[in-house]
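Please read the following report alongside the sequence and the model. It moves from the strands to the helices and then to the packing between them.

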Amino acid sequence: MPMQAHEIEALLRETFPDAEIQVGGSDGVHMSAMVVDESFRGKNRVQQQRAVYAALKGKMDGPDGDLHALALTTKAPE
């Protein structure tokens with residue numbers, strides 16, 4: 001079942017409550033997200049993106065995942 005932008009944002013907010021989060025896309029399967037959070041400071045991009053995928057609680061895992069593709073931008077605040 002496709003995910004709506006507000007559902008993705010809600011999952012991300014559970015892990016990153018103070019982050020700047022923008023979720024885009026219209027088909028619910030191929031989406032984009034930008035997450036800017038202080039917890040990313042000092043972490044490399046792989047570590048940052050793993051944290052985001054963990055926050056999505058398996059929604060991208062396996063052939064039955066609700067979210068097929070997520071173009072992801074992560075960074076610490078400037």
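## Terms and basis

Helices (H or I, at least four residues) and strands (E, at least two) are taken here as DSSP runs, and they are numbered from the N terminus. With elements named in this way, Gly 25 falls in the loop between strand 1 and strand 2.

This is a predicted model, in which local features need pLDDT of at least 70 and side-chain atom pairs count only at pLDDT 80 or more, while totals for chains, interfaces and linings use all residues. Residues are numbered from 1 along each chain as its sequence is written, and side-chain values use heavy atoms, with hydrogens and water left out.

Three strands form an open sheet in the order 1-2-3, with mixed pairing; two strands are said to pair if DSSP finds at least two bridges between them. Strand 1 and strand 3 are the edge strands, each pairing on one side only.

Strand 1 (residues 20-24) runs antiparallel to strand 2, and five bridges join the two. Within this pairing, Glu 20 stands opposite Val 36 of strand 2, and Gly 24 stands opposite Ser 32 of strand 2. Ser 32 also stands opposite Ala 71 in strand 3, and strand 2 and strand 3 pair in the parallel sense over seven bridges. Strands of a sheet pair through backbone hydrogen bonds, either parallel or antiparallel.

## The hairpin turn

Five residues lie between strand 1 and strand 2 in the hairpin that these strands form, and Gly 25 in the turn has a positive phi of about 115 degrees. Leaving aside neighbours within four places in sequence, Gly 25 is in contact (heavy atoms within 4.5 Å) with His 30, Met 31 and Ser 32. The C-alpha atoms of Gly 25 and Leu 56, which are 31 residues apart along the chain, are separated by 16 Å.

A positive phi also occurs at Lys 57, where the value is about 50 degrees although this residue is not a glycine. Lys 57 is placed in the loop between helix 2 and strand 3.

Helix 2 lies across strand 2 and strand 3 and runs at about 125 degrees to strand 3. Its buried residues include Gln 48, Val 52 and Ala 55, and because these cover an arc of only 60 degrees around the axis, they are on the same side of helix 2. The exposed residues Arg 50 and Ala 54 are carried on the face turned away from that buried side. Among the elements that cover the buried residues of helix 2 are helix 1, strand 2 and strand 3.

## The nonpolar core

A nonpolar core is a set of buried Ala, Val, Leu, Ile, Met, Phe, Trp, Tyr and Cys residues joined through side-chain atoms within 4.5 Å. The largest one has 18 residues, of which Leu 12, Phe 16 and Val 35 touch the most other members. At least two residues of this core come from each of helix 1 (5-15), strand 2 (30-36), helix 2 (45-55) and strand 3 (69-75). Strand 2 is mostly covered, with five of its seven residues buried. Not counting residues up to four places away in sequence, Leu 12 touches Ile 21, Val 35, Val 52, Ala 55 and Leu 56.

## The aromatic pair

The structure holds one aromatic pair. The ring centres of Phe 16 and Phe 40 are 5.3 Å apart and the ring planes stand at 55 degrees, so the pair is tilted. Under the definition used, rings of Phe, Tyr and Trp (its six-membered ring) pair if their centres lie within 6.5 Å, and planes under 30 degrees apart count as stacked, over 60 as edge-to-face and the rest as tilted. Both Phe 16 and Phe 40 are buried.

Note on methods:
Buried means under 20% relative accessible area, exposed over 50%, partly exposed in between (1.4 Å probe, protein chains only). Axes are lines fitted to C-alpha atoms, for helices over the stretch in contact, and angles run from 0 to 180 degrees between N-to-C directions. The arc is that of the directions from the helix axis to the C-beta atoms.
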